[in-house]
Amino acid sequence: MRSAPFGLLGTDAATAFGLAARCALITHGHPTGAYAAGALAAIVTHLLQGDSPEGAVLRAVDLLGRHPGHDETTAALRAAVDLAARGRPTAERVESLGAGWVAEEALAVAVYCALVLPGPTTSPRRCCSRSTTPVTATPRARSAATCSARTTVTYGCRPPGLPSPRGGP
């Protein structure tokens, strides 16, 4: 969730990815943490450029493929896209992506929820917090915050001066 702003810088997705990944390496000891951060920034960049949510994720997956050790993050994002194609969210579907304690799981849950949200009026928190597992809400709250980046970029509330992905103000 700290990485989404790198996608709003107005740079290309590869630059946003690199900045977010390097920043994440300060606090994450595993490369997957950096790759998940970079992927989120790339997704936000692609959304800002007008890509569909699914298209933005798939382009981020392509970008991930350029980096050694990307497999965990790539697999998590592909699972989220495949699961979203099955329709409305359920607790079982959200849980199948993981509890969100590690970066790629939190990102996968957020991406899944972003892909199944019908529009700006549906709460990302409502989707991301669906679960029957008695786990603390912290990882789900992180996923909801990450998912909110998609809603923000797609439906408004962008920082002043950034262009609309749909060509409006």
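Guide: To start, the side chains of Thr74 and His70 are joined by a polar contact of 2.7 Å. A polar contact is a pair of N or O atoms within 3.5 Å; within protein, one must be able to donate a hydrogen and the other to accept it, and residues adjacent in sequence count only if both atoms are side-chain atoms. This is a predicted model, where local features need pLDDT of at least 70, side-chain atom pairs count only at pLDDT 80 or more, and totals for chains, interfaces and linings use all residues. Residues are numbered from 1 along each chain as its sequence is written, and side-chain values use heavy atoms, with hydrogens and water left out.

Visitor: Is Thr74 buried or exposed?

Guide: Buried means under 20% relative accessible area, exposed over 50%, partly exposed in between (1.4 Å probe, protein chains only). Thr74 has a relative accessible area of 9%, so Thr74 is buried.

Visitor: Which residues is Thr74 in contact with, leaving aside its neighbours within four places in sequence?

Guide: Contact means heavy atoms within 4.5 Å. With those neighbours set aside, the contacts of Thr74 are Val61 and Leu64.

Visitor: At what angle do helix 2 and helix 3 pack?

Guide: Helices are DSSP runs (H or I, at least four residues), numbered from the N terminus. Axes are lines fitted to C-alpha atoms, for helices over the stretch in contact, and angles run from 0 to 180 degrees between N-to-C directions. For helix 2 (residues 31-48) and helix 3 (residues 53-64), the axes are 8 Å apart and the angle is about 135°.

Terms used:
Helix = DSSP H or I, 4+ residues; strand = E, 2+ residues; numbered from the N terminus.
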